[in-house]
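Q: Please take a close look at one part of this model. I would like to know where a few of its residues sit and what they touch.

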Amino acid sequence: MSLRTTSKTITFARPFSLDGLDEAQPAGSYTVQTDEEPIEGLSFLAYRRVATVIFLP
């Protein structure tokens with residue numbers, strides 16, 4: 001099974017917080033990576049997201 005990975009840079013204008021982190025993250029640009037796998041058995045090409053990761057400094 002092949003995996004498709006996309007990467008985008010997202011810019012936050014204000015500080016933000018995430019569940020599981022003790023402190024707020026500063027505003028700025030962050031890289032977000034998404035992994036998707038193809039859904040088999042369909043008559044057309046479709047993907048299912050299996051992971052999304054944000055890289056913190």
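**A loop residue and its surroundings**

A: Gln25 is found in the loop between strand S1 (4–12) and strand S2. This is a predicted model. The relative accessible area of Gln25 is 11%, and because buried means under 20%, Gln25 is buried. Its side chain reaches the backbone oxygen of Glu23, at 3.5 Å. Apart from neighbours within four places in sequence, Gln25 is in contact with Pro15, Phe16, Tyr30 and Leu56.

Leu56 lies in the segment after strand S3 (47–55). Leu56 has 35% relative accessibility, so it counts as partly exposed. Together with Leu18 and Leu21, Leu56 makes a nonpolar surface patch of about 210 Å².

Ser29 is placed in strand S2, which covers residues 28–38. Its relative accessibility is 53%, and since exposed means over 50%, Ser29 counts as exposed. Leaving out neighbours within four places in sequence, the contacts of Ser29 are Thr9, Ile10 and Thr11. With Thr11 there is also a polar contact of 3.1 Å between the two side chains. The C-alpha atoms of Ser29 and Phe12 are separated by 6.3 Å, although these residues are 17 apart along the chain.

Glu36 lies in strand S2 as well. At 14% relative accessibility, Glu36 counts as buried, because the cut-off for buried is under 20%. Not counting residues up to four places away in sequence, Glu36 touches Ser2, Leu3 and Arg4, and also Tyr47, Arg48, Arg49 and Val50.

The whole chain gives these residues their setting. The protein has 0 helices and 3 strands, in the order β-β-β from the N terminus on. Buried residues make up 18% of its 57 residues; Gln25 and Glu36 are among the buried ones. Of the contacts with a separation of 6 or more, 39% are between residues 24 or more positions apart.

As for overall dimensions, the C-alpha atoms fill a box of roughly 45 × 20 × 15 Å along the principal axes. The radius of gyration is 15 Å, whereas a compact globule of 57 residues would have one near 10 Å. The protein exposes about 4,600 Å², and carbon and sulfur atoms supply 51% of that area.

Conventions. Residues numbered from 1 in each chain as written. Predicted model: local features only at pLDDT ≥ 70, side-chain atom pairs only at ≥ 80, totals over all residues. Heavy atoms only, no water. Helix = DSSP H or I, 4+ residues; strand = E, 2+ residues; numbered from the N terminus. Buried < 20%, exposed > 50% of the residue type's maximum accessible area, 1.4 Å probe, protein only. Contact = heavy atoms within 4.5 Å. Polar contact = N/O pair within 3.5 Å; in protein donor to acceptor, adjacent residues only side chain to side chain. Patch = residues over 30% accessible without salt bridge, like charges linked within 9 Å, V, L, I, M, F, W, Y side chains within 5 Å. Areas by Shrake-Rupley, 256 points an atom, 1.4 Å probe, with all protein chains shown as cover. Salt bridge = Lys/Arg side-chain N within 4 Å of Asp/Glu carboxyl O. Rg over C-alpha atoms; globule rule 2.2 N^0.38 Å.
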